[in-house]
Amino acid sequence: MSNIREVAQAAGVSVATVSRALTNPEKVSEESLKKVHDAIKVVGYRPNLLARSFRAAKSFSVVVLVPDITNPFFSQVIQAIEDRAQQKGYAVLLGDTRETSKREQEYVNRVETRLADGVIQLRPQSMSSSTQRIPWVNACGCEGTPGPSIRIDNVAAAKTMVDYLISLGHRRIGVISGLKDNPHSADRLKGYKASLAAAGIAFKKEWVVEGNFTMWSGQNAAKQFFHLKQMPTAIFCMNDEMALGAIQTLKAEGLSVPNDISVTGFDDIGYAKYWDPALTTMAQPAEEIGKRAIDTLLRIIEGEELSNAEVVLPSEIMIRQSACPPKT
């Protein structure tokens, strides 16, 4: 069985550096940390993680609570969290809460019983007051989310997207929203309304159709626009999955996207640019959100005081082929 000295020799670093990389990775340079992890793979070293946990009184694992494990955007955030956590010597436990408080509490109990050291919440809602005493960070939060939060400005991002559609000449702009009680939906609807108001366009409730952030709901929501006296010339969807579903329905009904009706999304998931047509959308920095979330959580676990409990990252509009000026 290989030992720590063999790892040090293979990595070209001291035994002390290997020890720090395994116990306090944040105190080791990225270059040395990579050398150590590469050497561990080469020599097949298996550190005694149980002994390490006892010495440090920590589990060296964190829980990530995800409301929908099938959502491609959350997958991007989780991948970034896991990659960064591994570099820091932590394991990630994934909790698929399916947006239920009971399942969420079951995973939170792992922290309270010291089976994990902290929680990253991917739901825009905050943790319940009874669990806020544990180390936690909200990634993908919203305006007003209490506690440590990593997010974009959803209001401003939605306004930017609708501003773009208005700049193309659209005045009848429909919306496919997420569930009404979802804070992301509320913030993005606020941005939509602000854009209309700035352009002197009256807000109409019938232009807003509720979905649930799934492709299936986007397909069904798009059908409701056919029942209006006048179809919108553009549809702003509050995530990419609903936008892709809407495009499928519109094309099945014989409409050309974007020549007959423009469609935009939100998130910039991996296959948005490969759809037909390629989707104009608002890109969230999923990788940066994930990295900032785990970095912030580990600082809290180590007892550091945060100078800024809320980090607002920039979003970027990705202009592709699913939107163009209206015919009329």
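These are my notebook entries on what I looked up in this predicted model.

**Ground rules**

I number residues from 1 along each chain as its sequence is written, and I leave hydrogens and water out, using heavy atoms for side-chain values. Because the model is predicted, local features need pLDDT of at least 70 and side-chain atom pairs count only at pLDDT 80 or more, while totals for chains, interfaces and linings use all residues.

**Entry 1: strand 6**

Buried means under 20% relative accessible area, exposed means over 50%, and partly exposed lies in between, with a 1.4 Å probe and protein chains only.

I then looked at directions. In a regular strand the side chains alternate between the two faces of the sheet. In strand 6, I173, V175 and S177 point one way. G174 and I176 point the other way.

Next came the neighbours (two strands pair if DSSP finds at least two bridges between them). Strand 6 pairs with strand 8, residues 234-237, in the parallel sense over four bridges. There I173 stands opposite A234. Strand 6 also pairs with strand 7, residues 208-210, in the parallel sense, over three bridges. There V175 stands opposite V208.

I followed the chain from strand 6 through helix 8, residues 183-198, to strand 7: together they make a right-handed β-α-β unit. Right-handed means that, with the strands pointing away from the viewer, the path from the first strand over the helix to the second runs clockwise.

**Entry 2: strand 4**

Strand 4, residues 136-139, has both faces covered. W136 and N138 lie on one side, V137 and A139 on the other, and all are buried. Strand 3, residues 119-121, pairs with strand 4 in the parallel sense over three bridges. Strand 4 pairs with strand 5 in the parallel sense too, over two bridges. Which residues stand across from N138? Q121 stands opposite N138, and S149 in strand 5 is a bridge partner of N138.

**Entry 3: rings**

I searched the whole structure for aromatic pairs and found four. Rings of Phe, Tyr and Trp (its six-membered ring) pair if their centres lie within 6.5 Å; planes under 30 degrees apart count as stacked, over 60 as edge-to-face and the rest as tilted.

Y192 is in helix 8 and F203 in the loop between helix 8 and strand 7, eleven residues apart. Y192 is buried at 1% relative accessibility. F203 is partly exposed at 35%.

For Y271 and W275 the centres are 6.4 Å apart and the planes at 35 degrees, so the pair is tilted. Y271 is partly exposed at 35%, and W275 is partly exposed at 23%.

I also checked charges over rings (NZ of Lys or CZ of Arg within 6 Å of the ring centre and within 35 degrees of the ring normal). The charged end of K193 sits over the ring of F203, 4.6 Å from its centre. The charged end of R188 sits over the ring of F266, 3.8 Å from its centre.

Most residues other than glycine have a negative phi, and most peptide bonds are trans. I listed some exceptions. C140 has a positive phi of about 65 degrees. C140 is in the loop between strand 4 and strand 5 and is buried at 3%. F213 has a positive phi of about 75 degrees. F213 is in the loop between strand 7 and helix 9, residues 215-224, and is buried at 13%.

The peptide bond from V257 to P258 is cis, with omega near 15 degrees. P258 is in the loop between helix 10 and strand 9. Another cis bond joins D276 and P277, with omega about 0 degrees. P277 is in the loop between strand 9 and strand 10.

L298 is in helix 11, residues 286-301, and is buried at 10%. The C-alpha atoms of L298 and K88 are separated by 8.8 Å, though the two residues are 210 apart along the chain.
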